[in-house]
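Hello,

Here is the structure we talked about handing over. Please open it first and then read the notes below.

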Amino acid sequence: MSVRAADYPPPVAPGEFVTAPSDPPEERIEVGVLIVGGGPAGLACAIRLGQLLEEDPALAEKLGDVPVAVLEKGKQPGSHLLSGAVVNPRALRTLFKGRLSMQDIPTYGEVHGEAVYLLTRGAALRIPPPPTMRNHGNHVVSVSQLGRFLAEQAEALGTAILPETVAQQLLVADGRVHGVRTGDRGRGREGQQLGNFEPGSDIVAKVTVLAEGTQGHLTGAALDRFGLHGPQPQIWELGVKEVWKVAKPLHHIVHTMGWPLRKRAKYREFGGSFVYPMGEDMVSLGFVAGLDSRDVELSVHDLLQELKTHRLLRKLLAGGERVAWGAKTITGGGYHSLPRSFGAPGLVLAGEGAGLVNIPTLKGVHYAIESGRLAAEAIVRSLQPGETPTRVGAFASYDEALRSGHVGKDLWAVRNMRNAFDRGFFVGGALASAMTVTKGRFPPFELHAEANAAQPLLRTGRAKRYPAPDGKLTFDKLSSVFASGNRTRDDQPSHIRVERRVPREVAELWSRMCPAHVYEVGEDGDDGFVTLEVTPSNCVQCGAITARGGRLTPPEGGSGPEYTLT
Amino acid sequence: MKIAVCVKQVPDATAARRIDAGTKRLDRSGEGALNAFDTNAVEEALRLKEAQGGEVVVLSLGPERALDTLRKALAMGADRAVLVSDEAAAGSDLVATSYALAKAIEREDADLVLFGQQSSDSDGAVLFAAVAERLGAPLISQVAELTVTGVAATGKRQTEYGYDVIEVPLPAVIAVSDSINEPRYPSLKGIMSAKSKPQEIVALAELGVEAARAGEAGSRTEVLSLAPPPTRGDTIKVEDDGAAAQKLLDYLVEKRLV
Amino acid sequence: MTGPILVFLEHHGDELTKGGLGVLGKAVSLSGDVAGVVLGSGVQAAAAKAGAFGATKVYVCDDPALAAPLPQPRVDALAALVEQTGAGAVLFASSVLAADVAAGLAARLDAGLNWDLAGLEVKDGRLVGTRPALGDSVLVEVAWKGGPCLGLVRSGTFDPQPGGGSAAVEELSVSFRDFSTAARMLDQAHEQASGPSIEEADVIVAGGRGLGAPEGFALCEDLAGALGGAVASTRAVVDAGWYPYSTQVGQTGKTVAPKLYIALGISGAIQHKVGMQGSGTIVAINKDPNAPIFDFADFGIVGDLHQVVPKLAELLRARRDS
């Protein structure tokens, strides 16, 4: 079959998420620097701005009553943050230089050794960690917990954090970004205004920073509006993770490859799993797989459940108990998918939303923090007397700092690695090793990627091998959504744009792909098409649907998961 | 008109709520939220202020973290916040809590004291009646509709038998039911200006609450132990071959449910 | 615990409420020294009925100040009675009125109040209660320090124990405080406790997607009618517009704990389970033998609910009429 999800695009009008400011002046809210996204990138930017403003009272005054504001769509910073994660501390050390040391920052300690396994159904073959996976000196963290910590630091330096606030539209006029319009609250399922309807507001600022993370809603709109897309389409992986209380502590980090993914190029299954100790009594484990996979029955949530039935993991989890679950996409395009520029008049892009993730090393958090810090410094420069943040090229120094610093260098070195795995596991692995050894100088050609939704689909009966949930080791999607803390209000408009009448294969693709059981294959039409059933209140806003042919937009502020340990 | 609204910070109702096995008290270390039922009380107070002018003060008894919750009420539009926060108050039951809260409310000399219907963490709809007693004020509970003039309040009280209409002279204590209104979302301006509204933290001694009447010492109930609820036992599962309905009826009769 | 147990017997019209009589029966099983308390105006007839449910003594305060079902004058009466009798405990069946009275009394006497009690017993001479907490996921054992022990018992926990017999009636005269009598009842509710809301119902019949179509709710209503219960729903069917949101049970709807919960065509996903897992007895009818609801139901039927339910309703009606 040559059905492709990309043939059924979502109902989104061009430029729908960009508009001009419309609130009268006395109703609009003015801040100095507006940061969209309360994650590591946005908060690092806010912290650095706070530090710089301490030393520049003239600028602080120029920025007004609210010099720095951070909009966060979750209940609080951290509610929507999820990652493995093993973090390189260098960006945190630089950010907090002279103020805090790593001891003051909540982490689960340094990595004390690592093991990489190549799995088959029955065995685990230990292999030497590939050069990309050297984590000595890195720290295991919960990025959700780190987010809460960074938010406190930012607030202490004067940032106003506005939780449960969604940036719905980018405000653009006179060729520059003025700020954002926030989302309405209190609408019913049909869009009608409920008794406590509260319309969104225009928030205007001298500079707007988009640090929305994966599938950044306004980032996508900004890349379109300002022609900033990179040479290759962006692609994503989907990660599903759980946190477990365990009986026996784990003392080293674990990565696995191979089973339950299939090696042949035609399936295009790229990914693996991780298990990271969180102190003496918890572990974080997750499965990551590329959303360019071709089998309609591939479900990363179920792959994670299947993984846990392997001897190696059963042993690890024996006597334990699942305490958290979550899912999120990871930006995977690397260097070739980076935007042409990380800024535009009045606008700066930071963090994962700007594509700054290194998939082969599974690192992105410290790039996010570093980019946030560099963005703050560039913003302060652009606000000095004689300068302006609204001219074309105002943030060229930020671009330069990113590309020529360690962030850009790292990404360049691995720029072809992900795409090498198009050739399957073995060829890909060999290519990847060659790339690492030559620090990216080999191969001399560039490997290209297609957008996730453009992959042709096939069916292999893979779903038959997923384990039936037993409620102790393996779990179904709905109880997992519950464990994410998701209590999204039912009576609100659907935030998911997706074509509702699609071929059965596409409906099945989405239904399996989604870790939160949002999509179901509905009634059969006579034309080979089915109706796609959507339950938006299950959505944990992982973003997979955007990668695969739909378009996630933010629901009402405060909706979605309430992660604390992920 | 001066309106005092009593609110509570409750643990966020996510899947991780638990009772601490050591202290046998609700583990409140997670992030807190404004008790949903109290938002109705704050909303009602704001509507009265918008119609008749005056001041809305929100009060709470809790750890310093509870200031976050009071700020949410300020973001909705309340004018001032008072937090009674004192380590000595930890472990207070109804007797101790109502005593301390009444002392804090007395300081305000309010015309109207509003409460929400109940709190989502302990599910008791009891605090307001205890406070009314200590204040020596008339009480209407479960109010689904409230009208206030300068000297009296009339409430439509929801009972098992329908609605009573009750009138009380001011000052009075009113507990509103969750059907009385739809609480507003705080506006962005409200959220940003909340921080700069007056917020006061008061210790028990400042209120004149003696140590013997506070916390566990001042409480008259205790928790002895915790247990998981009795397991249900095995499921009796039958396939329907036409006789299942009868089998179910026999089961219900045997259990005296019909 | 020393001194008598007083049981507040609420009345509506001329009848004592079932809840109070149930608590009376339980109190009698715990102690030989139990007295009922009836407070109102023109309540002699109602008070006399308490004997038939186990009370050997009933205190009555018959006063115009108590004519309306308002809580605060009742606090005055009970406080006076506690002082007079040296009562060791005062027990209430939970109701809107009783909660206000019990809490006011707790503050008046600085006496401990435990509420939502699902069990009571005397252990080593001490009154001990059990109550569920955290959405019925934990059972807590509670007690009192000092006396009297005030307890609010969860609705429907204890059933009245009719046994014949009569009670000695003792009149009580009370002086009321000014603020206690400041409230005026302008218009009193007089409905009979009509078709229960789902939060109050003893029996709930809930319908889910397995009903197949909105018309399926006719089956739920029919069965609920035959059982004298209320109809509830799940998020899925409310989303689909089959039934109103006010009947939704679950994580984003209401939490209920009736004596009997019958789930028709409901899979039992955790989002629904957390709203009803405290129910006394759970019955499930579903055509999918692997539905998670069968893991926690007490009685499950794997079958077509369109066949089973009408038959059950018919059998129930036949039994009631016979």
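**Notes on exposure, contacts and cores**

In this predicted model, A468(A) counts as exposed because it has 8 C-beta neighbours inside 10 Å, and the cut-off for exposed is 12 or fewer. A468(A) sits in the loop of chain A that runs between α12 (425-437) and α13 (477-483). Its C-alpha is 9.2 Å from that of E306(A), although 162 residues separate A468(A) and E306(A) in sequence.

H517(A) is not a glycine, yet it has a positive phi of about 60°. You will find H517(A) in the loop between α14 (504-513) and β25 (519-524) of chain A. Q541(A), also not a glycine, has a positive phi of about 60°. Its loop is the one between β26 (529-534) and α15 (544-547) of chain A.

Is Q541(A) buried or exposed? Q541(A) is buried, because 28 other C-beta atoms lie within 10 Å and the cut-off for buried is 20 or more. H517(A) has 17 other C-beta atoms within 10 Å, so it is partly exposed.

Chain A also has cis peptide bonds to look at. One runs from G84(A) to A85(A), with omega near -10°. A85(A) belongs to the loop between β4 (68-71) and β5 (86-87) of chain A. Another cis peptide bond goes from W259(A) to P260(A), with omega near 5°. P260(A) is in the loop between β17 (253-258) and β18 (271-278) of chain A.

Next come the contacts between chains. Where chain A meets chain C, 8 residues from chain A and 8 residues from chain C take part. On the chain A side there are 4 charged, 2 polar and 2 nonpolar residues.

Strand β9 (residues 162-169) of chain B and strand β13 (residues 184-187) of chain C run antiparallel and are joined by 3 bridges. To see this pairing, look at E167(B), which stands opposite R184(C) in β13(C).

Now the nonpolar cores. The largest one has 310 residues, and V209(A), V5(B), A102(C) and A106(C) have the most contacts inside it. Which helix gives the most to this core? Helix α4 (residues 96-109) of chain C does, with 11 residues. Another core, of 51 residues, lies apart from the largest one; I204(C), A236(C), V283(C) and L316(C) are among its residues.

Leaving aside neighbours within four places in sequence, A102(C) is in contact with V126(B) in chain B.

Last, the confidence scores. The model has an ipTM of 0.91 and a pTM of 0.90. For chain C, the mean pLDDT is 91, and 98% of the residues reach 70 or more.

Regards

Methods: Residues are numbered from 1 along each chain as its sequence is written. Chains are lettered from A and ligands numbered from 1 in the order in which they are written. This is a predicted model: local features need pLDDT of at least 70, side-chain atom pairs count only at pLDDT 80 or more; totals for chains, interfaces and linings use all residues. pLDDT is the predictor's confidence in each residue, from 0 to 100. Two residues are in contact if their C-beta atoms, placed from the backbone, lie within 7 Å. Ala, Val, Leu, Ile, Met, Phe, Trp, Tyr, Cys and Pro count as nonpolar, Asp, Glu, Lys and Arg as charged, and the others, Gly among them, as polar. Helices (H or I, at least four residues) and strands (E, at least two) are DSSP runs, numbered from the N terminus. A nonpolar core is a set of buried Ala, Val, Leu, Ile, Met, Phe, Trp, Tyr and Cys residues joined through C-beta atoms within 7 Å. Two strands pair if DSSP finds at least two bridges between them.
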